[in-house]
Amino acid sequence: MPEVPLKLTMKDFKSDQEVRWCPGCGDYAILAAVQNFMPELGIPRERITFISGIGCSSRFPYYMNTYGMHSIHGRAPAIASGLSVSRPDLSVWVVTGDGDALSIGGNHLIHALRRNVNLKILLFNNRIYGLTKGQYSPTSELGKITKSTPVGSADSPFNPISLALGAEATFVARTLDSDRKHLQSVLRAAAQHEGSAFIEIYQNCNIFNDGAFDTLKEPETREDYLIRLEHGEPITFGAQGQWSVVHPPGGFGLKVVPTESAEASDIVIHDQTISEPAYAFALSRLPEGDNRHTPIGVFRSVDRPSYDRLVTDQLTEAKAKLTAEPEAELASLLSSGDTWTIL
Amino acid sequence: MSKQVRQLDRVVIRFAGDSGDGMQLTGDRFTSETAQLGNDISTLPNFPAEIRAPAGTLPGVSSFQVHFADFDILTPGDAPNVLVAMNPAALKANLPDLPRGAEIIVNTDEFTKRNLAKVGYATNPLEDGSLNGYALHPVALTSMTIKALEALEVSKKDAERAKNMFALGLLSWMYSRPSESTLDFLNRKFASRPHLAQANIAAFKAGWNFGETTEDFAVRYEVKPAQMPPGTYRNITGNVALALGVVAAGVRAKLPVFLGAYPITPASDVLHELSKHKKFGVTTVQAEDEIAAVGVALGASYGGALGVTTTSGPGVALKGETISLAVALELPLLIIDVQRAGPSTGLPTKTEQADLNMALFGRHGEAPVAVIAPNSPSDCFYAAVEAARIALKYRTPVLLLSDGYIANGSEPWRLPEISELPDLQVEFATAPNGPDGQFLPYLRDPETLARPWAVPGTPGLEHRIGGLEKADKTGDISYDPANHDFMVRTRAARIEGIPVPDVEVDDPSDNARILVLGWGSTYGPIGAACRALRARGIDIAQAHLRHLSPMPANLGAVLKSYDKVVIPEMNLGQLAHVIRARFLIDAIGYNQVRGLPFTANELETMLEEVIKSA
Ligand code: SF4
């Protein structure tokens, strides 16, 4: 049957369920950006599935008029892996949060990434537990005062981008809830990537951790705080391009210096295709405590066969060896090895 | 020299040695030869949890018991008639199980001062008269093997390692076993290393010839083929039978099978076996942990595959939350628990039936699932097919409870005709089922109470499911108290309403007043004990449960028609507890948790006492 060109709109992706996040929550903006982006995929709704874990962000699938599963805490990458590997015809998206993906579900996340399962993973990072009403999360800053840490938390936070790169994820990106254009550009790149695409989305929880990313959003600070990564472009930023990222001579890692003091040849040209994750990792280490020098965009996008493809290839190859109907093959399987007959 | 040939109706042989001595292989080969001959067989391996415990020590002893007969048998045998002991540790560890008069074949080369001291023998038992009550055959197994291979180009170490084949050759001669299959096997196994094939074959033949020529073995035995129903047979362990059952279920359902598993003793062999059968559309994923293993299986079920996960008790504990999700999602899922002795790591290589409570009740909330337990190694095949049938038809998780005893034990299996296996085909939802073209994911089939299985990719049926309580029919999130009460009761009714066959009572005399009730792997020992009692003119009725949830509809009536009900279990009374609670029957528990199956003999004694006191 010839494919009929799809004419879907944002409306087609809205389910009939009432959206129930707190008014002002960053999740609304992400939902709208995703619903608005979906028609671009050109994939019929029935072939798209959203799978989430537990937390505020994990309500997401209920609001998408696609297939969806709101599963259990931390396990979405595992459940989605089973679906994706067994159904290569589907586009499978995982929606998760900082607690869901990095605390209770940390193991599943890193293993999905190292296997390179064909999942698009959206991690809404608000640096707090929202659904359980305000405990610190694995991305909360050291010393964070919350309901469960009245004198400040003693936990050092995870850097989700560093973690994903440590697991050698083949696609790693960061974006912001409030910047629809950027968010969608990252979704677009992720959708085109074969294998795991990991996207950290900074999301404001206006109830329990309001303003966590304000410095990246306020007009006064954002240009000097945000580093917008563009493949093939020199990494300079600031309202007047006054800052640059350079390779410090003789050291590991990367550094931010005033552009005027930098040798032009020392300024890093962003290359997301470098197969060695060390470069992207160095980029992920740039942000400081007040979010100064936070890169957004695609850190890394490299080609590696997806787990789904490798598994499917093995199955296809094995199935090609079927010489008879499965029932007849089954009969010979059962009678393989040493048998004897009683008359 | 012609030797006397004596007819026996049954023999139990135990091969015992160091875990590096190849006793499992030796036992396997002897079993295979015996199967070829047409005897009925039952086997029981017993190995240490350590891969290589220190050589020559008691914890390092590995053994394989094979029971074969010219009639149908139910167990691997209580006590060996013959012990092959490859070293002092093997002798010491196994002697307590040997009845007086049993034959003992020992490898004298290993009875050195040092080896004797290692296991605490102050004097050499071969010389100090302590084995006078047994028929002792001292054989210099190692040195004779080395001597027999002198002419071949093998290292001394390889020659020494072939001693298990010498022992196998000797035993094969003693019991008149056909040797072709072993010779074939060795040629296949060592195809790439012909010198080793030659060495092992030479060792086997040397052992055989030694039996024929030495004065020490004056008698050769024969056990005639058993009367078994006509058909093609193979010998099979429970774990392989489970794997083949899962493959068969996929074929009969015309669905891909998707196994998620994490390695765990004693279930790993099911993963190994299933990973060989990709051509049947079987995908196996070795997951990062037990939770992911059931997670990928559930994800695949959601996508329209037969999702399966295999594990042992500790793994089931970890999977509990995901199984509860599957209860809420009402999707098919097969969870295979090859039980081992617990709690915690417990005795990983030893058997127990103590996960019944967990299977029935071990989840949060009201989370009923179907539970089924095979009763023998070959029955594992049918239990897997039946578990898949229930999972697919009723859209529910099904827990299958095997255990270490039947997982590693083996018996002959008459191969079924594929067409005799149930047709497991299911229909996916393809069109809206509600008014005005709406799709209602929780609109149930009135007969099975199962909801539609609408897999992603089906146009027009896009819907969302999840762990939050769902409204009846629409599946929307619902916090309504009456709806929750209704959904909880409906999920329970769906499981309770699964039709399962009536429990059958075996009471040939029809006069028994005492019923012995079992479940799972205790079928063999209980059955053998009942036969022994009846042979002595004592009436006893036996019933065995395959379906633990739901239970057979006639069970209450059956139990109430006897004066006493005895329930032997390898736990502290888990089934007995359920029976008491459900049927108000004062069941008598007989419980043992030694990591070993019951012996028929102890059950016979126990049952006789109950009968006498009745
Ligand atoms: S608690 Fe925070 S994250 Fe959760 S819905 Fe409310 S604002 Fe959003």
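Predicted model: local features only at pLDDT ≥ 70, side-chain atom pairs only at ≥ 80, totals over all residues.
Reader: How do you know that chain A and chain B are in contact?
Author: Two residues count as being in contact if their C-beta atoms, placed from the backbone, lie within 7 Å, and by that test 57 residues of chain B are in contact with 54 residues of chain A. On the side of chain B that touches chain A, the elements giving two or more residues include α1 (23–37), α9 (238–253), α11 (290–302) and α12 (313–329), together with strands such as β9 (231–237) and β17 (464–466), of chain B. The element that gives the most to this side is α11(B), with nine residues.

Reader: What makes residues of that side of chain B nonpolar, polar or charged?
Author: The class follows from the residue type, with Asp, Glu, Lys and Arg counted as charged and Gly placed among the polar residues; sorted in this way, the side of chain B that touches chain A has 29 nonpolar, 19 polar and nine charged residues.

Reader: Why are β2 of chain A and β17(B) called paired strands?
Author: Two strands pair if at least two bridges are found between them, and β2 (residues 67–70) of chain A is joined to β17(B) over three bridges, in the parallel sense; the pair therefore meets the criterion. Within this pairing, Gly466(B) in β17(B) is the bridge partner of His70(A).

Reader: What makes a residue count as part of the shell around the ligand?
Author: A residue is taken as near a molecule if its C-beta atom, placed from the backbone, lies within 6 Å of it, and the residues around the ligand are Trp21(A), Cys22(A), Cys25(A), Asp27(A), Cys56(A), Asn126(A), Gly130(A), Cys205(A), Asn206(A), Ile207(A) and Phe208(A). By class, this shell has seven nonpolar, three polar and one charged residues.

Reader: What does the UniProt record say of residues 54–201 of chain A?
Author: An unreviewed UniProt entry annotates residues 54–201 of chain A as "domain: Thiamine pyrophosphate enzyme TPP-binding", and such annotations may be inferred rather than shown by experiment. In the model, the chain over residues 54–201 is 32% helix and 20% strand, and the end C-alpha atoms of this stretch are 17 Å apart.

Reader: How do you know what share of chain A is buried?
Author: A residue is called buried if 20 or more other C-beta atoms lie within 10 Å of its own, and of the 343 residues of chain A, 48% count as buried. Chain A has ten helices and twelve strands, and its C-alpha trace spans about 90 × 50 × 50 Å along its principal axes.

Reader: Which parts of domain 1 of chain B touch domain 2 of chain B?
Author: Chain B is divided into four domains, among them domain 1 (4–223) and domain 2 (234–418), and the C-alpha centres of these two lie 34 Å apart. Their contact takes 13 residues from domain 1 and eight residues from domain 2 of chain B. On the side of domain 1, α1 and β3 (40–46) of chain B are the elements giving two or more residues, and the largest share, six residues, comes from β3(B).

Reader: Why are β18 and β23 of chain B described as standing at the edges?
Author: The open sheet of five strands runs in the order β18-β20-β19-β22-β23 (chain B), with mixed pairing. β18 (505–506) and β23 (588–591) of chain B each have a single partner strand, so one side of each is left without a neighbour in the sheet. For β23(B), four bridges join it to β22 (residues 564–569) of chain B, and these two strands run parallel; Ile567(B) stands opposite Gly589(B) in β23(B).

How values were computed: Residues numbered from 1 in each chain as written. Chains lettered and ligands numbered in written order. Buried ≥ 20, exposed ≤ 12 C-beta atoms within 10 Å, placed from the backbone. Domains from an automatic or database assignment.
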